[in-house]
Amino acid sequence: MLESINVAGEWRQGGGDHYASIYPADGSVTAELAQASIDDVNEAIERADRAVHQTGWGSLKPHLRAGVLYRISQLIRDRAEALAQLQRRDNGKPISETRALVASAADTFQFFAAACETLEETITPSRGDYLTMSVHDPLGVVAAITPWNSPIASEAQKMAPALAAGNAIIVKPAQATPLLALELAKLCEEAGVPRGIVSVLPGSGSIIGDAITKHPLIKRVAFTGGTKTGRHIAHVAADKLMPVSLELGGKSPTIVFDDADLDHAVSGVLYGIFSSSGESCIAGSRLFVQRRIYRAFMDRLVAAAAQLRVGDPASEQTQMGPLVSQAHRETVEGYVALGLEEGGRLLTGGKRPTGELFDRGSFYTPTIFEGLANDTRTCQEEIFGPVLVALPFDDEANLIAQANDSVYGLASGIWTRDYKKAWRVGRALDTGTVWINTYKQFSISTPFGGTKDAGIGREKGRLGILEYTRQKSMYWGMNEAPLPWADVTGGDAS
Ligand code: NAD
């Protein structure tokens, strides 16, 4: 049976091509759906625009809108295990990771419910005979376009602040992973979001994503995905003079100084690159190790990487599941071949695991290269897979220059016991996030975003809600007499 999509609250089959969500661990079909057509896009957006006004969602008192968001959060928690299992099937991540993603989606709705009911509009210092205020209106209809690597978390990160601010939202999930966004739409409906306010339109990026972005009634696009797509969306946004947030790619440096706690550093570096099979924008994929400890550190790291448990995503023990698709595994394999061509030495991995479990899925082993210069393509391009490149460094200045020598600036990690050095280096790194003696930790209350080709704008944080509003200034005249310029009293103001 074909899954339905959600066109402005109406559950129906889309008018577009059929598409199957494939379980990457064994190639079986999880669900098949008829995707959205351009007509579905136009209908969803036009009905959403009417719904913002007609349902009163945009003008609902914040505490009442917050109540709906709290209910969404609770419904996610109530259905957490089913959602985590579905997400495991949708993109093949290990169940321990999908459980964490579902919990983070619930936290996100809870957080933005609180942000919504506590957001204050301000009275600004008056500079005349008037009272001045800064208030925030909803934008109208906004869009969320998301990638396949962390579906429910990416979607919640955009839907929660957009809804909290009183907008309608059109969600375009990645083609490979449409199922969690559709589940979220069901929970929104159950929690009391009015009909028409949420639509989920699965489909191809270049057709459906593009049509959504270009639609004149779409007032903002929150995008997470690749830099090439992000740049295209930025061009469309420039033509429409539309605000966007672009959370894009990364090639994040992780730095291990010779005074680091090496147990912490080894485990943090492994988690940073190999969790999510490296399919993570913030993967710590370039490793810089201070030369004095380089060999000893690498020996430990390589031995530990070879012990990581690659396997069935349904098992609680699994640390690395399959890559999202056979096609993506081939891309990763292409990069490993390139690394060898560029003169890299493989310290571990660089192959598919063998055995019955692995034959039908798109699995790949944790892979570590050394011997590559920072300016090689293997060190510069985002691989989005379980491939780490390691480089030794001598001094701090040279390290900072190399770490910042990347088109990306998403995240970085520093391992050292010297807090002054961590402060110095952390401030010098041109990345949106710096982790010190930890890595890949996330908090909804802390803003997130990149520099350079890693994107523009920030998501998360209490003020993340403001990204989905239009600021408006209001002046309230307090003059006892008419404004003097026109002199309407004939010089007699009494
Ligand atoms: P992608 O850019 O191919 O696709 C992302 C989304 O954009 C999908 O929904 C896709 O259908 C849509 N899309 C594609 N072309 C479009 C167009 N012309 N107009 C509108 N929408 C379009 O990326 P992907 O392969 O799904 O995801 C991997 C990328 O996402 C990696 O580069 C990764 O670093 C990045 N990512 C970034 C973050 C972050 O927060 N910075 C988080 C996760 C993933």
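1. Helix H5 (residues 151–164) has 14 residues which, at 1.5 Å a residue, should span 20 Å, and its end C-alpha atoms are 20 Å apart, which agrees; the expected span is 1.5 Å times one less than the number of residues. Helices (H or I, at least four residues) and strands (E, at least two) are DSSP runs, numbered from the N terminus. This is a predicted model, in which local features need pLDDT of at least 70 and side-chain atom pairs count only at pLDDT 80 or more, while totals for chains, interfaces and linings use all residues. Residues are numbered from 1 along each chain as its sequence is written, and side-chain values use heavy atoms, with hydrogens and water left out.

2. H5 is mostly covered, with 14 of its 14 residues buried, where buried means under 20% relative accessible area, exposed over 50% and partly exposed in between (1.4 Å probe, protein chains only). After H5 comes Gly166, which has a positive phi, near 95 degrees.

3. The largest nonpolar core holds 80 residues, of which Ile76, Phe109, Val198 and Leu201 touch the most other members; such a core is a set of buried Ala, Val, Leu, Ile, Met, Phe, Trp, Tyr and Cys residues joined through side-chain atoms within 4.5 Å. The most is given to this core by helix H4 (residues 95–118), with eleven residues. Leaving aside neighbours within four places in sequence, Ile76 is in contact (heavy atoms within 4.5 Å) with residues including Val102, Phe109 and Leu184. A second, separate core of 36 residues includes Ala283, Phe363, Leu388 and Trp435.

4. E1 pairs with strand E5 (residues 29–34) in the parallel sense over two bridges, and Leu33 in E5 is the bridge partner of Glu3.

5. Another open sheet of three strands has the order E6-E7-E23, with antiparallel pairing. Its edges are strand E6 (122–124) and strand E23 (469–477), each with a single partner strand, so one side of each is left without a neighbour in the sheet. Nine bridges join strand E7 (residues 130–138) to E23, and Ser473 in E23 is the bridge partner of Ser134.

Technical notes:
Two strands pair if DSSP finds at least two bridges between them.
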